[in-house]
Structure formats: C-alpha cells, structure tokens
Amino acid sequence: MSQLLTGLNNQQRTAVLHESGPAVVLAGAGSGKTKVLTTRAAYLIEQKNIRPTAIMLVTFTNKAAGEMNKRVMKLTGQKLHYSGTFHSLCAKILRRHAHSIGLSPDFTIYDSSDQQALMKQLYRQHHFDPKKYKPQFIHALISQAKNEMLTPQEYEGLAHDAVQEFVAKVYRLYQQALQKQQALDFDDLLLETVRLFREDKATLTTYQQQLQHVLVDEYQDTNKAQYYLTKFLAAPQNNLYVVGDFSQSIYAWRGADYRNLMRLNQDFPDLKEYRLEKNYRSTQIILDAATQVISQNTSHPVLDLWTDNITQEKIQIIETADEETEAEKIAQLIQTQVSLHYHDIAILYRTNAQSRPFEEVFVRRQIPYQIIGGIKFYERAEIKDLLAYLRWSVNPADEVSHERAEKNGKRRLQKLTEWLKEHADQITASPPLDLLQYILKTTDYLKTFNEDDPQDLARIENIQELLNTAARFTNAQQFLENVALVQDGYLHDLAVGERPNAVSLMSLHSAKGLEFPMVCIVGAEEGLLPHQKSLWDKAQMEEERRLCYVGITRAKERLVITYARRRWNFGHVSHSIRSRFLSEIAKDLIQEIGVTNPSVSQPIARSQAAIKRVIDDDTLDALLDGQIDAKQFLDS
C-alpha cells in the first residue's frame, strides 16, 4: 500500500483512496491526473481485490490509453481487459453483440476519408449540387446531429430552414447507404452501442454485472452519447469515477459538452467531489495569470491552482508593429535562449494560417521547426490551388500547374483563360496581389467554401494569409520565387524520433495535453484570440477564454504573449486591438515590451466593431500611441 501511494500528495492520495460510489476528480492543468487515474485502477486491483476484467478505463486517444495501460501493468503486473478509447471499446462490444440489433458482426468502420467518399457518391447518385451545399459541410452537420443522438427522422422533424431540410434528406440517405454497405462511421460506434444497451437488456445486464468500476478520463470532453454510455455501464453499483476540468473544455465544435460534469450531480446525488489543485508544471506567476483569465468565466467552477515553484520570471507581453515583426521578434528571442533546446519551445496560435510568417522567418534564420497537428502553409490544398492558377497565369507553359488548375474545374479554368487573353499585356506588370484577386474573382474559387463550416473558414483564412504575403511583392515572379525558396527550405530530415530538435508550431487546440519550458502565444488580438466568431456570443467567448487558459498552462518556465498593432487582412492593412484577455492579467505578473498604451486596449476591445465603424485610421493610431486619452474620447 505504501509503495502504491508513494509520490502522491494529500489531494491525490485522498482521491485514489475513494471508497465506493460515484466520484468526480476535478483535476487542474499539470496536477497529475493520469497518475491518480492509473493509481486508482492499481489500488482497486491490489487492495480491493477487484479483477482486472471488472474494471473499465476509458480515455480519448490511443496514445493516452496506451500510456495508462503501461502504468497499470507496471504497478500491478496485470493487464486491464476493458481499457481504451470510447470508440475502440464500443467497437469491441458491437463485434460481439451486433446481431442482436440487426447489424453484421463483420461491419466495416468508415474513417473520415471513407465518409467523405460516401457523401460524394450520394451527391453524384442524387444529382445534388456540391456548389450549393458542400458535402463536407453537410457531413459535419450530420455528425452534429449524431452527437445530439438525433435519428434522421427526429432531425427531419426539427428542421426549420432549407439547409436543415437538405441535411435531413442527406442524413437519411447516408444512413441507408451505411446500412446497405454494412458499415458504421465513428459516431455510429457510440450510437449503436447506446441502442444495443437500450434494446437488449440482457446484454446490458451482462456488462453491468461484470464491470464493477468504470473510470473515465477527460470527462469534460464527453458528448451526449458518451455520457449515456458511462451511466449505463456504471449501473447499478454506480462506481463511476471520472476525472475532468471545466477550464480545459475546448472541443465544443466537435460535440464535447463540459456540462456533463455538472449533470453528474443531478444523476448521482451522492457524488463525491475531489480536487487536484497542486500544479507540477508551471511557475506560480504563470498559474496566477491563467487563473485570472479563466475566472472571468461564470458558467462553470474554476480551480485555484498553486505550486511550490515560486520562480519570479514575469510573463512577457510584447507589442509588435505587424505579423512580420512579430515573427522576427520571436525568432530573435528563440536564438537567445542558450539554456534551451529548440524542442523546448512552442509557438501557439489561434488559426493555422498564422504559421506562415513564422515558417518564412525560421527558414531564413535556419531555425528548425515542425508543424504539429497541421500541414505546412504552402502545402495546404487551397494554397497549392491558387499558386497553380498564378504560376500558369504568368507561365502558360507550366503543365504541372495547368493540370492542377484543370482539376479544380474546366469551366473555372476556361473563364480564367478568357480573362488572361483579354489582359495579356497587363499580366507581367501586375503585382501578385492584384493577379490573385483577379483569379479569385474570375474563377469564383471562394464560392467553393462555406463560412459556416469551420474547416472551410480555416481555408478562407489561409487564402487571406496568402494575399497578405503577396501584397508585400511588386512582381509575381519574385513572389513565386520566395514561395519556392520557403518550400525548399523545409527541414524534412529533422523528423527523427518523436521529438526532433525543432521548435513546435501548433494551434492552441493541438497543444492540449502538451507542455514546454517556453511557450509563445502569438496573435493575442481581438478577432484572433478571442476569435471574431465569438465576439458577440457569451458561450463561445467562454470557450475562447478556456482556449487561452489551455495555452497559458502549457508553459513550464517562460511565457511570452505577442500581438501586432497592424495585421494584413485580405491584402490590406487593418488595425488590431490587443486581446481583452491580456487586460485580465494583473500588472505585477507581466513585463510589457514595446507597448505604447496598454490601458487603451480594454475600453476599445469592448466594442471593437462599433469603434472601427466610427474611428478613422489616424484617430485610431493616435489612440494607440496615447496621444488621445481613450476615456475622454469614448465619453465624447
């Protein structure tokens, strides 16, 4: 027993030694939740004589599941039989009992590419117009419906506009096609298991009798179906033991609902709560800043994180002129970090399009880097499409670019060809920004995207960033040469092992679960972080604040936050206003560098859109420089 509990603090030990019944462990960032969860499983086996086959341990990624299995094996010498992700465990259960709900036990699991291929097949068969409603967008809405556990019939009954009526129609056809092909998508793995337990009480009873304890990690990331599954499997003993953190719920866009942590209190009145608030990752200054930001949220509890690490290095908040200067400043900082390796440093951004200036500066300065959870900027499909159009426009002999452009639609290419013939004498003299804008207009390329689709919105942002880059060049050939040099400079051979000695570039969403000695959060501006889509929606704003919290708590020793006063927007310069989140951090925790007038950001941030409508650029410059008093101006 003493060996099992070695290294646990008092809060962790108390949580591990929970006797029986339902329990929730609210575990703050870096508080050792994985250690508590695996030690709990080992404790049940070693001290409570629970058979490993009677314990279910569920998490969200195969990597996390593998790590937990190894830890339990090391502590007990025994392997858990039911341990893995929700999807893998549901697949295992369905293989055994599929026949009882009319499924073939040999069903195929369709991955994302299979699902998209099926959607395109349905569009062709039924002559749906992919320009009106993109297959990817409609599939995303079908997935949302499944996350809410709505059948095609139920969704059809709730549809109240043309889009939803179309989704209902395709949803029904999609499910019929899956059934015909004896296939399930990822959402179906969960939904069909819920249906199995609802319709086949004997099978449910078998699992309920076998599983005496159900342990679930990252409970704030569960959706409706996953909540039902944990309730089903934990009954009737109700030995449900979940670990989660409201403040780290950042996946609402894919169905996660942090309110599931709250619902436990309603469904389990005798729920016991434990809190893990000692942090083993960050300094107290970093934790205090994170707490001050997340405490502005009012819809969920916030943990009070603390640490023994009282290092006094302040958080650096750096104002830069624009995104190019921002990237240069970060590169300079990185090259002065003599005590750190490149792999100790991460750059986190809200949108993947923000990686572009950093990639270019790092190639120029020969700083090795890797993109985590994303594709390098110039390798993204929409960027390659537009560059192909541009290369062919300035060089009609470029057959490779012509072939790619043709794949985007012969009619589009024909329109562009006609335009190029009419303006042949202007092509070589036109700046690349103008050419790209003509290409976008002539081919209607942007109409292939739907701004309400998060994936399409990211593609539009990437295109916007390409225009921003093009605006810095007066000659198309120079621009294309720069692109080629950046592409050629990618350091592919550095990817040796899991952690090459390279700076990590990733989105804030991709950073969850990771930690680095030095973290740089870039683009801390209204409209970026928080994202423009959230500015007028309280629930979305709280999600943005949780995202900022996750970013801050990735830092172990040093945190740098940057923002630009001006940022390019579709080829034009627009003024930026620093994020409201920075104003929520106490001044004694931060060191401001190059900041002209930090006090102006808060009143302006409250009504950014309205202010931009009434303030001209010169006045806004004067406000940001402190030449005009912000309070007096707003009062007037």
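This is a predicted model: local features need pLDDT of at least 70, side-chain atom pairs count only at pLDDT 80 or more; totals for chains, interfaces and linings use all residues.

Reader: How are the rings of Y251 and W253 placed, in terms of centres and planes?
Author: Their centres are 6.2 Å apart and their planes stand at 70 degrees, which means that the pair of Y251 and W253 is edge-to-face.

Reader: How many aromatic pairs turn up in the whole structure?
Author: A search of the whole structure gives 19 aromatic pairs. One of them joins Y123 and F128, whose ring centres lie 5.5 Å apart with the planes at 80 degrees, so this pair is edge-to-face. Y123 and F128 are both buried. Elsewhere, ring pairs connect Y82, F197, Y207, Y228 and F232 into a cluster.

Reader: What's the geometry of helix 5 against helix 10?
Author: Helix 5, which covers residues 86–97, packs against helix 10, residues 186–199, at an angle of about 50 degrees, and their axes are 9 Å apart. That angle makes helix 5 oblique to helix 10. The handedness of their crossing is left-handed.

Reader: Switching to helix 17, how does it cross helix 21?
Author: Helix 17 (residues 381–394) and helix 21 (residues 454–470) have axes that come within 9 Å and cross at roughly 45 degrees, which means that helix 17 is oblique to helix 21. Helix 17 passes helix 21 in a right-handed crossing. On the helix 17 side the contact is made by E382, I383, L386 and L387, and on the helix 21 side by R459, N462, I463 and L466. These residues divide into five nonpolar, one polar and two charged.

Reader: And at what angle do helix 17 and helix 20 cross?
Author: The axes of helix 17 and helix 20, the latter spanning residues 432–443, come within 10 Å and cross at roughly 110 degrees, so the two helices are roughly perpendicular to each other. Here L386, Y389, L390, S393 and V394 of helix 17 meet L435, L436, I439, L440 and T443 of helix 20. The classes in this contact of helix 17 with helix 20 are eight nonpolar, two polar and no charged residues. L386 is listed in the contact with helix 21 and also in the contact with helix 20.

Reader: Last topic: where does V503 sit, in which strand?
Author: V503 is in strand 12, which runs over residues 503–507, and at 0% relative accessibility V503 counts as buried.

Reader: What does V503 touch, leaving aside residues up to four places away in sequence?
Author: V503 touches I334, Y342, I345, I347, F362, I367, P368, Y369 and Q370.

Reader: And how far apart are V503 and E461 in space?
Author: From C-alpha to C-alpha, V503 and E461 are 23 Å apart in space, and they are 42 residues apart in sequence.

Key: Residues are numbered from 1 along each chain as its sequence is written. Side-chain values use heavy atoms; hydrogens and water are left out. Axes are lines fitted to C-alpha atoms, for helices over the stretch in contact, and angles run from 0 to 180 degrees between N-to-C directions. Helices (H or I, at least four residues) and strands (E, at least two) are DSSP runs, numbered from the N terminus. Angles under 35 degrees count as roughly parallel, over 145 as roughly antiparallel, 65 to 115 as roughly perpendicular and the rest as oblique. A crossing is left-handed if the near helix is turned anticlockwise from the far one by less than a right angle, and right-handed if clockwise. Contact means heavy atoms within 4.5 Å. Ala, Val, Leu, Ile, Met, Phe, Trp, Tyr, Cys and Pro count as nonpolar, Asp, Glu, Lys and Arg as charged, and the others, Gly among them, as polar. Rings of Phe, Tyr and Trp (its six-membered ring) pair if their centres lie within 6.5 Å; planes under 30 degrees apart count as stacked, over 60 as edge-to-face and the rest as tilted. Buried means under 20% relative accessible area, exposed over 50%, partly exposed in between (1.4 Å probe, protein chains only).
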